[in-house]
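Subject: Structure handover

Hi,

Here is the structure I promised to pass on to you.

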Amino acid sequence: MASGDIVPIELGLTDGDLVTLWAPRWRDGEDEWEAFLGHEDDLYGFESVAELAAFIRTDTDNDLVDHPAWKVIAGLSAAELEPADNFSFDLVGVPELAAGDPEIEVVAELEDTLAMVRNIGEVCELEVVTKFFADNPVLETLAGGVRTYVGREGEELWDQLGAAIVKGWDDVVDAIDGVISTPEVDAAAVAVAEAELLAAEENEVDADDVAEEDEEFEDVDLSAPDTEDEAEDDSFWHEVGIDPVKIVTADGEYFTLRCYLGDEPIFLGKGKTITVFGSERALARYLADDHQHALSRVSTFAEVQTAAVDGSLEVEVTDENVYVLPGLTEDLAEGPEAVDVEQLDLAVELFTDAADYAGDDAVETALAQSNPLGWYVSYLLNPDPNRLAPAPPFDAEAQQWRELERLFESRLDKA
């Protein structure tokens with residue numbers, strides 16, 4: 001997440017669900033800070049968004065008033081303070097999650113919730129919480145995603161993680177319950193916020209009614225068939241399920257191949273490296289010879305090699321397989337308005353595919369929303385009108401992106 005953000009969050013605690021504000025790490029001169037809405041030893045939690053909105057608008061004595069985005073958050077409508085689904089953390093539900101199977105959604109939710117708990121423990125200086133994480137390094141395996149818990153060793157790790165939570169989680173929740181307090185809020189301000197929420201809800205219902213009416217009338221498509229798309233679907237590369245890929249780096253343009261076996265990306269390459277070529281012709285010449293590489297196990301690769309041998313193979317890269325990396329670091333440093341979102345989206349896809357191919361979770365970790373870069377990228381790729389725009393400076397995020405770019409380039413084997 002970018003410096004300068006304040007995020008509404010929901011915490012599921014022993015006495016119920018409470019809403020509050022979280023300020024991810026931001027820089028003030030040479031110092032770096034992280035905070036929650038609260039004062040001294042208390043973390044403030046409110047039973048409703050209306051109470052949270054009222055408090056923000058009327059209070060000037062809390063730990064966030066000096067935050068660079070405080071005036072922005074204080075000026076939001078009550079509806080804009082509704083925590084997004086991915087910022088709802090059910091602390092009391094953690095043991096139940098850990099007792100289930102390590103499915104993708106379960107692991108992701110568990111990782112996000114524990115990351116937020118760790119933040120609370122550090123900010124509020126809760127020794128019970130920090131000791132829980134220090135004593136249970138198995139919790140760090142969540143960063144590896146669901147594949148960490150595959151096979152016998154993976155199952156053992158998941159069991160160890162569950163055992164750690166069963167043993168210490170009640171104390172963790174008790175410690176956080178102990179610092180939660182709800183200050184008094186001006187009743188008139190609460191009434192105003194409740195009216196805003198009601199009006200926003202009614203507007204949403206009206207919009208849904210209009211959408212349902214529109215669905216009663218089916219649009220008739222009078223346009224001609226898109227013959228270009230049909231031709232693309234019938235192309236040789238589409239039939240074999242393998243795509244030529246063009247990668248533009250600061251050093252030049254490179255070509256390679258990629259396909260997917262299920263959700264698993266496979267590149268032309270060996271081990272953790274991707275073999276790339278300076279031209280389409282050089283790639284085609286390489287494909288005509290016998291080589292051992294990852295694509296050899298793809299059943300349709302033999303058709304590619306046959307076409308390369310008889311000279312009929314044409315390496316044609318479609319627009320969605322062109323990845324341009326130069327300039328993104330500088331644009332990210334400048335700010336959201338400078339970033340080409342389509343270029344960024346494609347680069348994220350490429351970095352993620354290459355990391356999955358190499359069995360490396362560095363990209364997944366860096367782009368997690370609990371990290372500054374992941375928060376920034378998520379803001380750009382998944383726009384939400386109720387979300388605060390990131391605030392500068394973006395130097396740390398740009399530097400982290402550059403490191404991902406270097407990591408990717410290190411995987412390229414230039415033939």
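Below is what came out of it, from the whole chain down to single residues.

Please keep in mind that this is a predicted model. The protein chain contains 16 helices and 13 strands. Of its 415 residues, 43% are buried. Its accessible surface is about 21900 Å², and carbon and sulfur atoms contribute 47% of that. Among contacts with a separation of 6 or more, 67% link residues 24 or more positions apart.

Helix α4 (residues 104-123) packs against helix α6 (residues 151-179) with the axes 13 Å apart and at an angle of about 40°. On the α4 side, the residues in contact are V106, V107, L110, L114, V117 and I120; α6 brings W158, L161, I165, W169, V172 and I176. By class, this contact has 12 nonpolar residues, with no polar and no charged ones.

Two backbone details are also worth a look. E40 is not a glycine, yet has a positive phi of about 55°. E40 sits in the loop between β4 (38-39) and β5 (42-44), and its relative accessibility is 67%, so it counts as exposed. E125, not a glycine either, has a positive phi of about 55°. E125 lies in the loop between α4 and α5 (127-135), and with a relative accessible area of 71% E125 is exposed.

Terms used:
Residues are numbered from 1 along each chain as its sequence is written. This is a predicted model: local features need pLDDT of at least 70, side-chain atom pairs count only at pLDDT 80 or more; totals for chains, interfaces and linings use all residues. Side-chain values use heavy atoms; hydrogens and water are left out. Helices (H or I, at least four residues) and strands (E, at least two) are DSSP runs, numbered from the N terminus. Buried means under 20% relative accessible area, exposed over 50%, partly exposed in between (1.4 Å probe, protein chains only). Contact means heavy atoms within 4.5 Å. Accessible areas come from the Shrake-Rupley method with a 1.4 Å probe; for residues, only the protein chains shown count as cover. Axes are lines fitted to C-alpha atoms, for helices over the stretch in contact, and angles run from 0 to 180 degrees between N-to-C directions. Ala, Val, Leu, Ile, Met, Phe, Trp, Tyr, Cys and Pro count as nonpolar, Asp, Glu, Lys and Arg as charged, and the others, Gly among them, as polar.
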